[in-house]
Amino acid sequence: MVRALLQPQPWRLVLLQLTGAFANSLVGPGAVGSYQGGGGGRRFGGFARVTDPPVGFFLGGSSIRDMNGLYSREHRVPNGFSHTFTFSYRHDYTGWRLCLVGAPEDVKRSSGRQTEWVLIDPDRADRFRHDGDQLIPGSGHRWSHVHRTKSAQPDPKAGSAVAHAMEDDEEELPWQLVGVGEEDMLRRLKRYFTFYKHEVQAAIDGQKLPKLPVGGKGTATSPPEGFQAPKAALPGEEDGTDTCLEGSASLENAEAELQGPKLKSDHWSVAMLQLRRAICYRRRREFQLANDAVDASLVLYPRYAAAIEELGKLQVDQGLYERAIHSFETLLRVDRKRPFVGDWLVRVHGHKRRQETEFLTEKPEVLQGRTPGCIAWRQTGGCSPTGLLEPSADKPCNAVIAKGNSGFCQCATSGARGKSGTAPATAAESDCEHESFTCAAKCAERQQAESGHGPKLTDAAAQLAAEVSNAVDVQPCTLLRGGELPEWCQPNHYLVLGIRCDFPDEHGDELKRAYKKRSLQYHPDKLGGSAQAFQRVADSHQVLLDPEKRRAFDEGADFPRKVQHDGAEGETHKEEIEKKYFPERFDFAPFGDPHSDRREAKARQQRLLETKRQEALAREDTGKHRP
């Protein structure tokens with residue numbers, strides 16, 4: 001089956017239209033034509049003339065990346081081979097060949113086929129084979145490794161011809177193979193491949209990344225080789241102790257060294273010591289001091305990679321994800337080979353996506369429309385002020401709320417509300433039948449009524465206000481948007497626990513201390529605590545305590561994968577971000593994920609095994625209860 005890939009890249013979108021227009025020129029794996037074996041048709045120059053052979057192939061999914069790509073039909077017999085060729089298709093760039101050739105005698109005897117498909121590497125050694133006597137070979141396990149000499153004879157040292165492996169690696173097999181039936185389609189695929197290569201080069205050149213920082217003392221990204229760094233700038237290996245408090249690289253020592261008279265002209269020492277200060281202040285969650293220190297380091301060397309990375313981490317710990325993305329993109333531009341820069345981009349985009357998905361970001365016009373006594377109009381559904389919140393329809397305080405809108409005004413005044421006593425203050429709790437009003441006016445009226453300087457609420461209005469407070473009491477994190485959101489409401493487990501985003505897995509003391517502090521802070525018996533907050537802290541601790549769960553959270557494994565038009569699963573969050581910044585890590589894939597069918601088959605097999613297991617357990621249970 002031919003898959004059309006739906007990706008945001010322009011060449012893929014155009015290619016989707018192309019495959020629709022040329023559907024008949026693409027041939028799926030295993031298709032057959034009029035070719036019937038190793039001798040039919042007139043032979044010439046080592047080739048057999050047959051009806052409608054493909055003009056080319058696309059091969060994908062192999063871990064041997066040079067083998068993936070477009071293959072064009074050769075119209076001359078390749079020189080220097082002992083094969084008898086029927087068809088030969090050559091990779092456009094790497095020299096691999098996909099050929100239908102006469103089968104060796106042992107293959108003829110064992111399979112009864114006169115021909116076989118082979119994949120031949122640039123050194124002219126047969127690497128993989130597939131049964132012949134068909135125009136289009138299949139993919140995946142229909143291929144197998146072969147171990148032959150360059151003369152296509154069995155290799156007495158089987159295995160040495162394929163990566164010198166003790167066992168054949170199935171990841172090397174071609175998991176996708178599509179025949180291209182028309183020259184025009186093949187030409188278009190080649191043009192789109194050229195465009196894909198251009199996009200890859202543009203990413204490598206950083207054309208869509210921030211501009212390189214300038215100024216300071218130069219463009220160096222790290223201290224010069226052989227530079228003798230101050231001891232206070234080198235914390236050494238952490239053994240579970242806080243090196244910012246103890247040892248030669250403590251915060252106290254770093255600040256003391258900065259006061260030394262000899263450092264005035266030693267710019268790299270100053271930059272490194274300021275970076276050390278930033279790391280320690282961030283660990284103590286003194287963010288302003290950390291920001292001042294890292295800025296002082298970057299003023300000297302704007303492209304200092306370690307300082308740019310620290311700035312990004314500092315912004316992550318503050319929940320400033322847009323700024324963190326900019327910092328890590330700048331780091332990528334400065335040093336594309338910097339370890340883990342891709343992982344940090346995946347993580348920060350995941351934090352930003354969670355925040356946006358859970359409506360924790362106030363709409364700009366609503367945020368800008370706040371007044372001293374009013375926060376916003378909160379829209380609800382079902383023409384009921386206790387209905388489900390509809391954040392996309394929220395309005396600023398001075399907007400006119402017309403008849404037909406249900407909801408309530410969220411006010412900035414304080415007071416004990418809801419069952420927890422901490423529910424947001426509300427006013428103008430309304431169904432759809434009401435006169436027009438603004439929340440700025442209604443919040444002012446409610447504040448006067450509660451302070452005794454205005455008309456008191458009627459019993460019905462007071463009852464409705466209590467019902468709304470109780471309804472929103474269970475979802476405060478959905479209401480408190482735009483900066484005042486308590487840390488326990490954050491979808492970022494690190495912020496929930498108040499722990500740095502890069503704390504080491506191997507030392508659990510830091511996590512243990514953070515969990516204990518937050519548990520005491522948000523305990524239901526404490527002022528400002530609640531059962532919701534306490535449970536949220538426990539849940540975050542469980543995720544960060546388990547290295548596998550933590551890794552899955554960092555990589556965004558919790559995000560649902562989009563379903564492609566052909567029903568296949570789309571990319572993971574991690575794949576999506578890595579393709580954006582590192583397209584060179586991914587092959588040209590015009591026909592979708594080459595491994596999707598393979599994954600689906602494995603999933604079906606696992607479901608079948610689980611069904612059989614459950615049936616066996618049911619039979620066993622039935623047998624135990626028989627008299």
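Contact here means heavy atoms within 4.5 Å. This is a predicted model, where local features need pLDDT of at least 70 and side-chain atom pairs count only at pLDDT 80 or more, while totals for chains, interfaces and linings use all residues. Residues are numbered from 1 along each chain as its sequence is written, and side-chain values use heavy atoms, with hydrogens and water left out.

**View 1. Tyr-304 and its contacts.** Not counting residues up to four places away in sequence, Tyr-304 touches Ala-220, Thr-221, Ser-222, Pro-223, Trp-268, Ala-271, Met-272, Leu-275, Ser-297 and Leu-298.

**View 2. The largest nonpolar core.** A nonpolar core is a set of buried Ala, Val, Leu, Ile, Met, Phe, Trp, Tyr and Cys residues joined through side-chain atoms within 4.5 Å. Buried means under 20% relative accessible area, exposed over 50%, and partly exposed in between (1.4 Å probe, protein chains only). The largest core has 49 residues. Tyr-304 and Tyr-581 have the most contacts inside it. Helices that each supply at least two residues of this core include α4 (251-258), α6 (287-300) and α18 (573-581). Helix α5 gives the most, with nine residues. Helices (H or I, at least four residues) and strands (E, at least two) are DSSP runs, numbered from the N terminus. Apart from this core lies another, of 19 residues, among them Phe-57, Leu-100, Leu-119 and Leu-177.

**View 3. Strand β7 and its two partners.** Two strands pair if DSSP finds at least two bridges between them. Strand β6 (residues 85-91) is joined to β7 by five bridges, and the two run antiparallel. Tyr-89 stands opposite Leu-98 in β7. The hairpin of β6 and β7 has five residues between the strands, and Gly-95 there takes a positive phi near 90°. Six bridges join β7 to strand β8 (residues 115-120), again antiparallel. In β8, Leu-119 is the bridge partner of Leu-98. Five of the six residues of β7 (residues 97-102) are buried, so the strand is largely enclosed by the rest of the structure. Cys-99 counts as buried, at 0% relative accessibility.

View 4. A disulfide is a covalent bond between the sulfur atoms of two cysteines. Here the rule is a pair of cysteine sulfur atoms within 2.5 Å. By this rule the count comes to five disulfides. In the pair of Cys-244 and Cys-280, the sulfur atoms are 2.2 Å apart. The link is left-handed, with -85° about the S-S bond. Cys-244 sits in the loop between α3 (183-204) and α4, and Cys-280 in helix α5, 36 residues apart. Cys-244 is buried at 7% relative accessible area, and Cys-280 is buried at 0%.

View 5. Cys-409 and Cys-439 have their sulfur atoms 2.1 Å apart. The torsion about their S-S bond is about -80°, so this disulfide is left-handed. Cys-409 lies in strand β14 (residues 406-411) and Cys-439 in helix α11 (residues 439-451), so the pair ties together parts that are 30 residues apart in sequence. Cys-411 and Cys-443 also form a disulfide, with sulfur atoms 2.1 Å apart. Its torsion is about -85°, so this link is left-handed. Cys-411 lies in β14 and Cys-443 in α11, so the parts tied together are 32 residues apart in sequence. Cys-409 and Cys-439 are buried; Cys-411 and Cys-443 are both buried.

**View 6. Glu-571 and Lys-579.** Glu-571 is in the loop between α17 (547-554) and α18. At 17% relative accessibility, Glu-571 counts as buried. Its side chain makes a polar contact with the side chain of Lys-579 (2.7 Å). A polar contact is a pair of N or O atoms within 3.5 Å; within protein, one must be able to donate a hydrogen and the other to accept it, and residues adjacent in sequence count only if both atoms are side-chain atoms.
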